[in-house]
Amino acid sequence: MSETRITRRDFHLLFERQTTAVHKIVVTRFQGHRLEMEDFHFHLDSAVLLPDYDIGEGAADRITALTVLAAGLAHAKTNPARKALVAGHADSSGASDYNLKLSQQRADCVLACWTGDKVAYTNLCAVRSKTEDYQQILQWVHQSKGWNCHPGPTDNVHGNGTSTALKNFKTAYNAEFSQSLPVTGACDKVTWEAFFDLYNQGIAQFLATSIEGLAAYRASLRFVDPGRRTVGCGESWPVEGMGVDGLQSAANRRVEILFFDPGQEPLLECHPAPNQCKATECELYWTKCFKHTPIPVKAGPVPAPGEALDIVSCDDHFAPSAETLSIAYKLKGLEGKPVTLEITSPRADATPLFTRELTGDEKTSGDHTFAWDGKPTAGALKDLYIHPLWSPYKVTLRSGSLKDEAEFKVLYHSLAISRGPWTHDGQEPPTADQRNWVAYRLNELGFYGGPVYQDTEEYLDKAIIRYKANHKAMHRKYSKDYKADITPELIAALEAGDNKRVDIEPDAVTDPAATSRIWVEALTYERTTGDGNEFRNQTNRATTDAARLNRPLLPLEVEIFLKSKTDARTAAPEAIGPVRINWKHTDLDEDLTLLPEDKASSPSKTRKYVAKALKLRGGGPGADNCPRSLGGIRNPDMTHYQAPWFQGGIYEPYQVEDDATHKTVFAKACTNKAKYPKRLGRSGILARTSIIGGDDYQFRAEIDFTGEPNQAELEKFHGYTDAGSRIHVRTGIFRIWRRNRVAYEVNWPARSGGGEWDLIHNEYKAAYVDLDVGSMKKAKISELITEKQYQDIVIARTANKDRTKISLKENAVYGLPLPAQGAKESARDYRARLKTLTGDNYWSLIADSIVDALAGAVRPQEPVGFVVMNFLAHEAVDVKKVDGTIAEAGHISWTTSFGMADSHAMIDMKDPDKVYYVVGHEMGHNFYLRHSENTGDKPPGHHDTSDHNCIMAYSSTSSGHAHQAPGVFEPHLCGKCNLKLRGWDMDKLPGNSD
Amino acid sequence: MPFQLQLAAAAREITTLDSPQLLLTLSHEEDQPRLVPSPSQDGGALTILFRDAGGAPVRRVSSLLEQELRTNARVDANLALEPLAPGQPLTWTVNLAKCMWPLAAGDYTATATLAWPGETNPVASAPLAFRVQPVALDDLTVDRDNPILDRLDLLLSAGGGHLWLRQLNPSKPLGAWYNEALPALPGTSNHFCAAAAFRQVESFAPAMHRWLVWQNGALLQAALFEEGRPTSDSRRGQLPVGRQLLRQGFYTAGNQLYVLFWYAAAGRLECCELAAAGLRPVAAWPLPVSDPGLLVVRCLDGTLHIAGPHEGLTRWTADLSGRILASTRIHASPLPLRAVALQPEFDRCTALFSAAEAPATVEMVQLDPRYQPEPFVSRRELSLPGPFPELAMDADRQGRFHLLITTLSRELYYCGPGAEPRLLAAGQERYFPSVLAPGQVYLGFYELTAGFRFRQFAASADPPGFLEYRNL
């Protein structure tokens, strides 16, 4: 069955429907919202709206004309989209034309009072008022203001009493309003204008606002038809006695203020001109077309005669604890009567937060100012300070039935972010608390020692080992032996502050325009013995990284500020309240232009490959950090927002919670002054990034009112329009960098020329590995190992046992005399035998031990960092042909550069390739990089197979691609090497860039 | 075409154990001398492409491949040019033993091509046809010593006293220093090579010398070879009565040649010098060995190094006056000893124990004090039915053992560290397996159609397998 929803307006439309089916047609009604100004606010035959209908006899709290007008303004402000219409109605007891006109005039009068149109009001009063109107108004003024202007009975006769009352009224009016009306006994135009001012004052009072505030309310009014804001319906639409002529009915005599939602506005074609009403064309009161819902009106207080109280002004907002709230009030005739000042909040229970019985001096007739420090005397905030979350607060001045109210707020101003301390008091744990003291010290020294007191992820063990590995006294070549135990040696080093290093550059913490580096060690193979020999076993870098490195820790903290009375940023930590601070992070797009360019002289697929990899596992713009499945922490699922944060109570005193609905974590501001005085009014979190080079993060903290029962109001007070407009602070960009260094250049002999270090530095820089090449030491081989050491090595490792024939030469590794070429020995065979003798049978056998010896000399000074050794295989020798002529003078038979364990790179100076390529290549081996395509070592999956110019390939070989010819192509690390250096798990990366 | 390149062969019909020797002649017809690649350093300018009978390329060799197959250092691709005068052809020989392993049985053509920078048109020879015949290997002895270079000599024996001597670099045994067919010794037996008992560094000449010893009836004969070619130095002597020739011997830098016997009646090892005048007893050492056939004896600088089956594996040192200097039990095993190898220059000893009972168990031991004072030991229960007629093993410096075994069902398996046995070949009566694991793993074995060769096994390749250097 089909369903069609229409309104009465659609009745003229044609609907075509299939005849054989059942169709449902639903007629919906338009919705109106109605306030009613009842008949008793008008005297018979008068259009003057009376402010109160029941002077002297009514209830203290009652609905008056002014309360209705105030309710209408409040409704308009809280429903700004709704449009209004004022409709006047009469009963059928008189002539219909008369009734029509009167209803229009009454509607116009209500509109004038409602919108503050003094001219329209006075004009109307001039033509359609009666003596009893101003007699009743004077009574109202007497009662509400305490002025001596009671005219006597409302008899519609302007006698002496009325004249006197008018004179007294004008006198009092002139005094209060600083005017100079002629003090006469007549009710003239200026008298009506003065009455109008008091109407406004009364409406403002009901709205608990000032005259200026009242104007703001009125500014929010919108009308169905701005050119026809009122209609007079005469007797057309009675509430009772429909169709009965001559019926006197107070219920039918009324003025209605109507509101309509957008799209629900009535058509006003039934009023083609003023004082015309075509009831048959009306849809507004046709119940089948419109339904009107009453708007509730709260009864307002009506003061006793001769007494008055008025809150003249109150600060809109203030910063408790830093300044006081000023409440200016005026009292009259309340001496000797109890006058109470109360501060309340809708968030508090029924008990006022603050109650003060005014003292005698404070309640004399006249002007006073009360200064409140913002400290409640009761309720949940007793002895604390009020804070923004319970806004708006209300100050109420009350005496008997007299009451005046004013609203004020406490507002947040801004956030300031900083690097937080490791402990809540910023103090080192006592040394007796050994474990936490060590964690604290390691953090202070830049070794990511883990959350102090709350280490749930064994940060400390890893950090201790990294510290030992980096420490001269505790460094062991075989880190297999490292234990995460806390030794006296460790404690002494930590106490001395040894090895202090920058873990995270500080600028981006506070400067959103800055970029700072978060440092992570670029580990090299460390274990070199037995089955655990990483260099030979070529273990997976990502796995080793994860096992050895801690994720960097960045404690972040925001200080929350309040708005002062002058809107200045004000520190008021005791008045911040438990406001929720969201902690968010952004993953910025990588700048791929930092990667090698694909040029004819230097073909490179690195950029292409990396671009492809960054899009893996849900990656792409705004999400190109290394995904979790490839070794990073980016998690493409809904929980990614949690990735770089510790949750729970890891970072005391902040409790980080998860808001899955809004995909954020948050930590409420600390309010526990007694326990955490230094953290008061702050929120904090412990960020833990990935260890992947190139990953970047920008952090944001924001004040969020989600979960507060008055969320909408709080957002309004703070100008929130969407999540982006929240009060926030953001850091600059933090980018992960791996770091290592070249500690030593050992010369056996020294290389002539140079200048390659910057190229090497830049090659690794493209993979976010910062290789410090500026602080290396240089030494001759004989400065690091002795001849005896060398002889011992040769004797132990090679077949050469005659010490007398072995010497440590400064210019070549081979330490024995070279065999002479045989007379019948061909040049090719002699070369090959020299190569075997000095290579396979010598250098290959002693290289490990030479590294050991070098490490023994170097590591006590430089625990970590590369040791790059330049060397020549043997001394140069002439090679002859079998005919005795020289085939090659100064021959050196082989060249082999290689990487060794413990960050050693052996660089053969005869190597024909560009030095930066060779050094970069051999150092790459220590960074877990394996050979590429044209070597004998072809492990699957380690390289971009479509990139034939990887540094990790051999440059010259009898097979493979013709690339990297020295002087022709400049090689670069392929995309897979690049990502592996960053820490990506290359086993799971695609095989090529195509 | 200004240049002509001619290719000829010393023999057009060879066996799977031979290495072709090719003769190249380069000439030109121009008036002025031309620069051509020097045969002593041609930078890979000369390539020789082999095609099978169907014309399909089989492999391409060059001086670059020669380097790659014989040593581990980086290939030197430097090219030297030398002038070639008009009418004075340049002739040189290429010994393919150095840059290729023997070809499998079949018909082939070889084409030489010379191409070098500056010469636009490569110079190519006419194809040269030749045939490779299969040959049945009867025996293989392997000797490793280190007079100046670490060398591995293979003595390959076929029927009718046909012998080949092939010398390899144990660090890269893919190309040979040489591979020569020796003069036939019909009716002889018990051929073996003596090992150098000395080390010097002044000359490579000792690396090229090998004493070959053999039995000819009641005579023991020996001859000195230089790169597989006979020299004038030969010796003979009457075999002593009642002694078992151990097929092991050694010689000094002064070419004093010693051979070893086991005298079962006295339970002792005896050493005799084979001099020009005949055999001369030198010394004897009583040894409590259970199976003298497993004794391994090496001599270095006057000290005898002996390893053999006694309480597992025991090692002795002795001098040439008959004194036992020291005795050390290296490893005790409940399994019987099957093979032992010694490298006295490194004090290195490897041994293999195995039992035939199910489950077939192999225990491998390597003592190499350069890397670890205590022996590396690996015991494996193999998922293969024993007994194993042939076993060969080597270990690398990390103590990882690589094992080749043959089964009674004529299958050859490689058992890598931690890996299941991998079938390499089947159907052969004997494979004469040999393993070298200096870092890379080289597996040597014989097949009738392919001869004997070492091949590089890449366990980290995907899939694991032999690395070929076909260079096509």
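Into which domains is chain B divided?

A: This is a predicted model. Chain B is divided into domain 1, residues 3-133, domain 2, residues 136-332, and domain 3, residues 342-472.

Take the pair formed by domain 2 and domain 3 of chain B. Their C-alpha centres lie 24 Å apart. In the contact between them, 23 residues of domain 2 of chain B meet 22 residues of domain 3 of chain B. On the side of domain 2 of chain B that touches domain 3, the elements that give two or more residues are strands: E12 (137-145), E13 (151-158), E15 (172-182), E24 (296-300), E25 (303-309), E26 (313-319) and E27 (324-331) of chain B. E12(B) gives the largest share of that side, 4 residues. By class, this side of domain 2 of chain B has 15 nonpolar, 4 polar and 4 charged residues.

Next comes a sheet in chain B. Four strands form an open sheet with antiparallel pairing, in the order E28-E29-E30-E31 (chain B). Its edge strands are E28 (337-343) and E31 (376-381) of chain B, and each of them pairs on one side only. On average, neighbouring strands of this sheet are turned by 10 degrees against each other, direction ignored. Within the sheet, strand E29 (residues 348-355) and strand E30 (residues 361-367) of chain B pair in the antiparallel sense over 7 bridges. One residue pair to look for is B:Ala351, whose bridge partner in E30(B) is B:Val365.

Chain B also touches chain A. This contact takes 41 residues from chain B and 40 residues from chain A. On the chain B side, strand E4 (34-42), helix H1 (63-70) and helix H2 (205-208) of chain B are the elements that give two or more residues. The largest share of the chain B side comes from H1(B), with 6 residues. The side of chain B that touches chain A divides by class into 15 nonpolar, 16 polar and 10 charged residues.

Now the partner. Chain A has 994 residues, of which 49% count as buried. Its secondary structure comes to 20 helices and 33 strands. The C-alpha atoms of chain A fill a box of roughly 150 × 80 × 45 Å along the principal axes. The radius of gyration of chain A is 45 Å, whereas a compact globule of 994 residues would have one near 30 Å. Among contacts in chain A between residues at least 6 apart in sequence, 68% join residues at least 24 apart.

Chain A is divided into domain 1 (30-129 + 188-294), domain 2 (307-410), domain 3 (421-505 + 519-548) and domain 4 (553-733). The C-alpha centres of domain 3 and domain 4 of chain A lie 27 Å apart. Each of these two domains of chain A gives 15 residues to the contact between them. On the domain 3 side, those residues of chain A divide into 8 nonpolar, 5 polar and 2 charged.

One helix of chain A remains. Helix H9 (residues 459-469) of chain A is largely enclosed by the rest of the structure, because 8 of its 11 residues are buried. The buried residues of H9(A) are A:Tyr459, A:Leu460, A:Lys462, A:Ala463, A:Ile464, A:Arg466, A:Tyr467 and A:Lys468. What covers them includes helix H8 (434-444), helix H10 (488-496), strand E18 (515-521) and helix H13 (541-548) of chain A.

Note on methods:
Residues numbered from 1 in each chain as written. Chains lettered and ligands numbered in written order. Predicted model: local features only at pLDDT ≥ 70, side-chain atom pairs only at ≥ 80, totals over all residues. Domains from an automatic or database assignment. Contact = placed C-beta atoms within 7 Å. Nonpolar A, V, L, I, M, F, W, Y, C, P; charged D, E, K, R; others polar. Buried ≥ 20, exposed ≤ 12 C-beta atoms within 10 Å, placed from the backbone. Rg over C-alpha atoms; globule rule 2.2 N^0.38 Å. Pairing = 2+ DSSP bridges. Axes fitted to C-alpha atoms, helices over the stretch in contact; angles between N-to-C directions.
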